[in-house]
Amino acid sequence: MFQKILIANRGEIACRVAQTARRLGVRTVAVYSEADAQAAHVGACDEAVSIGGLAAKDSYLQWQLILEAAKATGAQAVHPGYGFLSENEDFARACAAAGLVFIGPPPEAIAAMGSKAAAKALMAEAGVPLVPGYHGDNNDPQFLLGQAEAIGFPVLIKASAGGGGRGMRRVDRAEDFVAALASCQREAAASFGNDHVLVERYVTRPRHIEIQVFADTQGQCVYLFERDCSVQRRHQKVLEEAPAPGMTEALRKQMGEAAVAAAKAVNYVGAGTVEFIVEQTAYDQPESMKFYFMEMNTRLQVEHPVTEAITGLDLVEWQLRVASGEALPLAQEQVRFSGHAIEARICAEQPEAGFLPAIGTLRTMRTPEAARFEVAPVRIDSGVAAGDAISPHYDSMIAKLIVHGGDRQQALARMQAALAELQVTGLHHNVGFLRKLVGTESFSQARLDTALIERE
């Protein structure tokens, strides 16, 4: 096990990594920008190094400064968290060149999954199901229109290098295709520096179900069951839960084995998430569900706590152990889950104004009583406290609220109670919206698809 690691991130994920490291006796180094000198993650670590200006491009994305901080403090490894440099293959290579362990997958695996089109070609070879579509290199507008007509409308145009819904359009008619394509390509070029797109059949009643995988350097790979992340707005996740409602054991096994095959196809190491789009002909017919590979996130996910809640495992501990060369702690047949967990993302935003991000100072943040004393059924992961500012420079997340119950009904009741007890003042936030959302009949009855928020 490492003696000291540097955490190349901020906010709640930096605090989360530091918490596990402290429990394992691993010393931690924080890095911080001018805006974060007094931030919670700085206090959560044993040492802290200033790395630059307010904006991420002047601090948390300055990997040379991060590597210098790691060398100067004697850190042996770098944990990238999520976002920022977590899926940057060049940073992973730079860590290795500097004699540091990158606590994540090999750079070749990051590169392989970084392009949606290239990743889908690899998945086809590995036998992982794909949505019918065109994933090749020809991006001539008339050629792609012909592909779309062959697939059948509606179709989905997606930026190959993208994520988060940017560079993505649903097209219902052939006469609208070329204009939508041009719009997607402009947005993709502006967001990712790459205007390449792919075209797929639009999946009806889609659910977003992802599989947590873990692999070690000895060639072992397991799946830690699934998470349902269907409740989204603008392709950004709002609620996540595990296990996925309505999942049959047969489908869980099929999806888990497909996710492991995807990971093995790129010689994966560490924590990763294989995301699938799941088609359902009706909400109450799980036997009709079909799954298709969407993408692989080569890092720890924001929603990893719901997997931890149902399995009783610490995924950050697994990351540290695997990165230090240890074998996976459990074989597939030893991995179990119990109960149901739900996570809600508490964000500084204005739901009534199209979810515009909000900025300001937290005057108060009162968390549910159970979370303050770390009682099992309710957990709060946060990197801010009363008096802290939510700035325009970083993500607008205030906290993650995670509940666990014996079944989905109990977990839902605990989420409703915890949201009612959570108090945030000083700026706009989405707590009231979340209370309405978890109270809808569609969510409570698990009639889930990615259009739930937009529809209701």
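This is a predicted model: local features need pLDDT of at least 70, side-chain atom pairs count only at pLDDT 80 or more; totals for chains, interfaces and linings use all residues.
Me: Where on helix α3 do its buried residues fall?
Reply: The buried residues of α3 are I66, L67, A69, A70 and T73 (buried is under 20% relative accessible area, exposed over 50%, partly exposed in between, with a 1.4 Å probe and protein chains only). Looking down the axis of α3, these residues fall within an arc of 155° (taken from the directions from the axis to the C-beta atoms), so they line one face of the helix.

Me: Which residues are exposed on the other side of α3?
Reply: The buried residues of α3 have cover that includes β1 (4-7), β2 (27-32), β3 (47-50), β4 (77-79) and α4 (89-97), where contact means heavy atoms within 4.5 Å. On the other side of α3, the exposed residues are K71 and A72.

Me: How many residues apart are F214 and W318?
Reply: The model has 10 aromatic pairs (rings of Phe, Tyr and Trp, using its six-membered ring, with centres within 6.5 Å; planes under 30 degrees apart are stacked, over 60 edge-to-face, the rest tilted). F214 and W318 make an edge-to-face pair, 5.2 Å centre to centre with 75° between the planes. The pair links distant parts of the chain, F214 in strand β10 (residues 207-215) and W318 in helix α11 (residues 315-323), and the separation is 104 residues.

Me: What relative accessibility does W318 have?
Reply: F214 counts as buried because its relative accessibility is 0%. W318 counts as buried too, at 3%.

Me: Which strands hold F276 and F291?
Reply: F276 and F291 pair edge-to-face, 5.3 Å centre to centre and 85° between the planes. The pair ties together parts that are 15 residues apart in sequence, because F276 lies in strand β15 and F291 in strand β16.

Me: Which residues do ring pairs link into a cluster with Y60?
Reply: Ring pairs also build a cluster in this model. Alongside Y60, the linked residues are F84 and Y394.

Key. Residues are numbered from 1 along each chain as its sequence is written. Side-chain values use heavy atoms; hydrogens and water are left out. Helices (H or I, at least four residues) and strands (E, at least two) are DSSP runs, numbered from the N terminus.
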